Amino acid sequence: MNDLAHPSLTTASLRHRSVARRKAADLTVKVLAWVGASFGIAVMAFVVYEVVVRGIGAIDLAFFTQPTPQDVTSTEGGLANAIVGTLVITGVAAAIGIPTGFFGGIYLAEFGRNGRVATAVRMIANVVMGVPSIIVGVFAFAILVKPVGHYSGFAGSVALAFIMLPVMARTTEDVLNLVPNELRESGLAMGAPRWKVTLGVVCRAARGGLITGASLAVVRVAGETAPLLFTALSSPYWMSGLFGPGGYFGGPVANLTKTIYDLAATPYPQWQDLAWGGAFIIIVAVLGMNLLVRLIFQRGKEW
Amino acid sequence: MVGSTLTDRALTPSPGAVAPPRLEVPEARRSVDQDFAALTSQIAVRHLDFFYGKEQALFDNSIEIKRHRVTAVIGPSGCGKSTHIRTYNRIFNLYRDQRASGEIVMDGVNILSPQTDQLDLRRRIGMIFQKPSPFPMTVFENVAYGLRQHYKLSRAELADRVEDALKRAAIWDEAKHKLGEPGTALSGGQQQRLCIARAIAVEPEVLLMDEPCSAIDPVATAKIEELILDLKSNYTIVLVTHNMQQAARVSDFTAFFFQGHIVEFGPTTQIFSNPTQRKTEEYITGRFG
Amino acid sequence: MSTIESGLVLGPEGPRGAASAAPRGRLRLGDPLFRGIATLCGLTVAFAMFGLTAVLVYSSWPAITGLGAEMLTTVEWSPSSGKYGALAALAGTALSTLVAMVIAVPLALVIALLLVELAHPTVGKVLGMAIEMLAAIPSIIFGMVGLFVIVPFMQEKLVPWVLSTPLGSLPGLRPGPSFQGGGLSVLTAGVVLAFMVLPYITAVSRDVLRMVPQVTKEAGYGMGSTTWEVMRRISLRYANSGIVGAVFIGLGRALGETMAVAFIIGSVYTSLPRSLLDPGTTIASLIANTFNEATDEIHVAALVELGLVLFLITMAFQFVAQAWLRRVQRTAGGRA
């Protein structure tokens, strides 16, 4: 045992570091933190504010019924064709990407779990989520546009589905992992086959998270522009049918984001206004969906 | 002395004053070898209530912690023993919905009052936690943490004091070749002694130990119990433990908590051989908890 | 559970029986089919990645062999005269990303500090939602607000003011030969980028700071440390590999950001920006703005090659980020 009989080193003789200075430093950082946070919120509010203020004026009936204007002199025109185009392109992308991602997430959560293949897939999914969306567009161009010689809405959908896929898979996996094992075990213990337990019991339990994940994934790609730049391009006309130059598979298809990009780049104020209107629609859809799913499905969840 | 609303209220402090207390101790609780009233109180707790939000966890706790003695706090799980000692260094202030009312007097000052400087209070009252929690830095830096924080020291002085603290915590021989390694490189029992060294490096007056041995093996536990007996000549120690044998081995005074009340408090020998309260006796004999 | 798509592996681990419990004695098609579909879909992700890489390499091959290293070392990009020097794009990418990180990282850390240690639960929720909304705003919106609001502000107010002070003669800020007023510039692009990557760095930092065990922090406070001291000396040290991971994630995002930057960086392909106030270009915006006009075989291949370069850099950063973040998980799990 050590000899404690020598209380030789007491602290009575030591020089104190200034408590006041330490507290001042602490206070400074706290103030900076609040300032920083307010700044972050202010920026977000500012962006939303600008879009709303500049865009809401362009929203009228014509906006939703008339196609993209081509004549600078007229005051007519809307973004109806672009909205429809986005809905179609995103819809098909979701039809491809959501189920594939969903089952991929099931694979990661239910089957692979800790196996080498699953771990690799998980890591690849994380990495693919970081691929710049313009590269995805270049990829879709190379496989679906160049070989056939023309742009198409379908190529755009494929590009968007590519982006959706890992997002949906990882979200599904995370959500399913939150479902306690007991639920799986009790389902299996009743003699139900694996697929029934997974789809009927586990996914049912996790349906809030799954719907949230799917909705957010869809809304996120709906706002993407870069993947469509070389795939669906854009068009001032209504999409007409499936094949042929104006069709979904046959040629460029109008979409909201690319149209906004084009209109904003013109020097004509009335077209820029239309672009702001489009931006307004996008903000409403994106933020609205975010708020909606969080309020409905994640009430009480801490952030 | 002591008590809660369940027992007698022999204590009548002079109203408003915060001078060191003088106590009325009923005859039956006075032990032959410890003159309770004659010992100085390091910490005097008076009518302490504690709340987690709306829920009250401690009820009218009053107790005297005697200087340079080991006071054990025992009781079944959830009885409030950890909650109680966590009021002494006001660590509960970290949590928004936890609050305490009443008085805790140390050196003539009520440390629960808003004017008390928490930083200095926590230098004077050290805390050892149930789970050994070395900081994410080297062994040396762990022990030096408090010294660097509160004092201006040259490198040589710092090294001396670190060595001294490690010696006083009975871990110098095991640690001296590992000063540059992360604190987590030590074993569980060693880490706990490292935490003790870290705490005593700044020469606190009081050491609060919240079940310090419950996460470590019996051999290491024995070493720490030995250390506690050594340390008490220089420090006042309050030891929360769920292990009654440990309390009986190591402490001078024992307080028995039950559902947020202090049921009984007195010299350890008396509590364990001749408790006056039925609940105490039931707990000691293992009938519950 | 963090809900921002930051590409983060921070979910609860749990053992999961891999065997399916098919009842004995009956021919069950359902389970093998189910497993097959799930596995196929899982592998699709991997195939997509390999396919992407392969296609990029294949499509850029003519440029890789035809132009060689020249593309990455010469400055002038004018396909019409057969010159494919992408150094301006590389420099612009690096500079705008640097500006963005310098602004975003400290801001993200203090906001994460606030979320973890300081804020009242309700404030924390509001702040959290605001940050998440910021992440959800599509980049074209940032581009538009950038172009129509920030750029004029910079051009007409901020940059002239900066130039009138001693700041304007500092080496990084002194306008170069391609200066066009400072509105459409590397600086403006960097500032807008900063707020686009901020939410990602904040979310990951917040997650890793939350991993610091409460008892370790209490031990710090118990020693008489202030909130900042606990954060700086304990929490940040504990989580530092995670913070590095967060920064790399932000870097990856900033490098690949296209639409906002395409709007506001000025699209100057033929010279290097000599100061932050000069216009420039980035790899992503160069591709975005010129790809559709490229008719020449070699032109297209050169652009795809640039895309491949961007892809490889961002992938490298992603891998590094994942590796660092995994270290935090091991630390958190492995501590005694």
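This is a predicted model: local features need pLDDT of at least 70, side-chain atom pairs count only at pLDDT 80 or more; totals for chains, interfaces and linings use all residues.
I'll start with chain B. Chain B contains 10 helices and 11 strands. It has 289 residues, and 47% of them count as buried. If we take contacts in chain B between residues at least 6 apart in sequence, 68% of those join residues at least 24 apart.

Now the strands of chain B. Strand E1, residues 41-52, and strand E2, residues 55-66, both of chain B, run antiparallel and are joined by eight bridges.

Next is an open sheet of six strands in chain B. The order is E6-E8-E9-E3-E10-E11, and the pairing is mixed. Which strands stand at the edges? They are strand E6, 125-128, and strand E11, 261-267, of chain B; each has a single partner strand, so one side of each is left without a neighbour in the sheet. Direction ignored, neighbouring strands of this sheet are turned by 15° against each other on average.

At the E11 end, the partner is strand E10 of chain B, residues 253-258; E10(B) and E11(B) pair in the antiparallel sense over six bridges. Within that pairing, B:Phe257 has B:Ile262 in E11(B) as its bridge partner. Helix H6 of chain B, residues 188-200, packs on it and touches E6 and strand E8, 206-210, of chain B. The direction of H6(B) makes about 170° with that of E6(B).

Strand E1 of chain A, residues 15-16, runs antiparallel to E7(B), and two bridges join them. In that pairing, the bridge partner of A:His16 is B:Tyr151 in E7(B).

Now chains C and A. Here 82 residues of chain C are in contact with 79 residues of chain A. Helix H1 of chain C, residues 30-67, gives the most to the chain C side, with 19 residues. The classes on that side are 54 nonpolar, 21 polar and seven charged residues.

For B and C, I'll take one residue. B:Gln149 sits in helix H3 of chain B, residues 139-150. Is B:Gln149 buried or partly exposed? The cut-off for buried is 20 or more C-beta atoms within 10 Å. B:Gln149 has 19 C-beta neighbours inside 10 Å, so it counts as partly exposed. Not counting residues up to four places away in sequence, B:Gln149 touches C:Met223, C:Gly224, C:Ser225 and C:Glu229.

Next, the nonpolar core. The largest one has 283 residues, and the members that touch the most others are A:Met164, C:Ile141 and C:Ile201. Helix H3 of chain C, residues 87-118, supplies the largest share of this core, 19 residues. Leaving aside neighbours within four places in sequence, C:Ile141 is in contact with A:Val47, A:Val51, A:Ala279, A:Ile282 and A:Ile283.

Helix H9 of chain A, residues 207-222, has 16 residues and reaches 22 Å from its first C-alpha to its last, close to the 22 Å expected at 1.5 Å a residue. Of its 16 residues, 12 are buried, so H9(A) is largely enclosed by the rest of the structure. The buried residues include A:Leu210, A:Leu216 and A:Arg220. What do the buried residues of H9(A) pack against? They pack against helix H3 (80-112), helix H6 (153-177), helix H8 (194-205) and helix H11 (269-297) of chain A.

Helix H4 of chain A, residues 116-128, has 13 residues and spans 18 Å from first C-alpha to last, close to the 18 Å expected at 1.5 Å a residue. Among its buried residues are A:Val121, A:Arg122 and A:Asn126.

Definitions and conventions:
Residues are numbered from 1 along each chain as its sequence is written. Chains are lettered from A and ligands numbered from 1 in the order in which they are written. Two strands pair if DSSP finds at least two bridges between them. Helices (H or I, at least four residues) and strands (E, at least two) are DSSP runs, numbered from the N terminus. A nonpolar core is a set of buried Ala, Val, Leu, Ile, Met, Phe, Trp, Tyr and Cys residues joined through C-beta atoms within 7 Å. Two residues are in contact if their C-beta atoms, placed from the backbone, lie within 7 Å. Axes are lines fitted to C-alpha atoms, for helices over the stretch in contact, and angles run from 0 to 180 degrees between N-to-C directions. The expected span of a helix is 1.5 Å times one less than its number of residues. Ala, Val, Leu, Ile, Met, Phe, Trp, Tyr, Cys and Pro count as nonpolar, Asp, Glu, Lys and Arg as charged, and the others, Gly among them, as polar.
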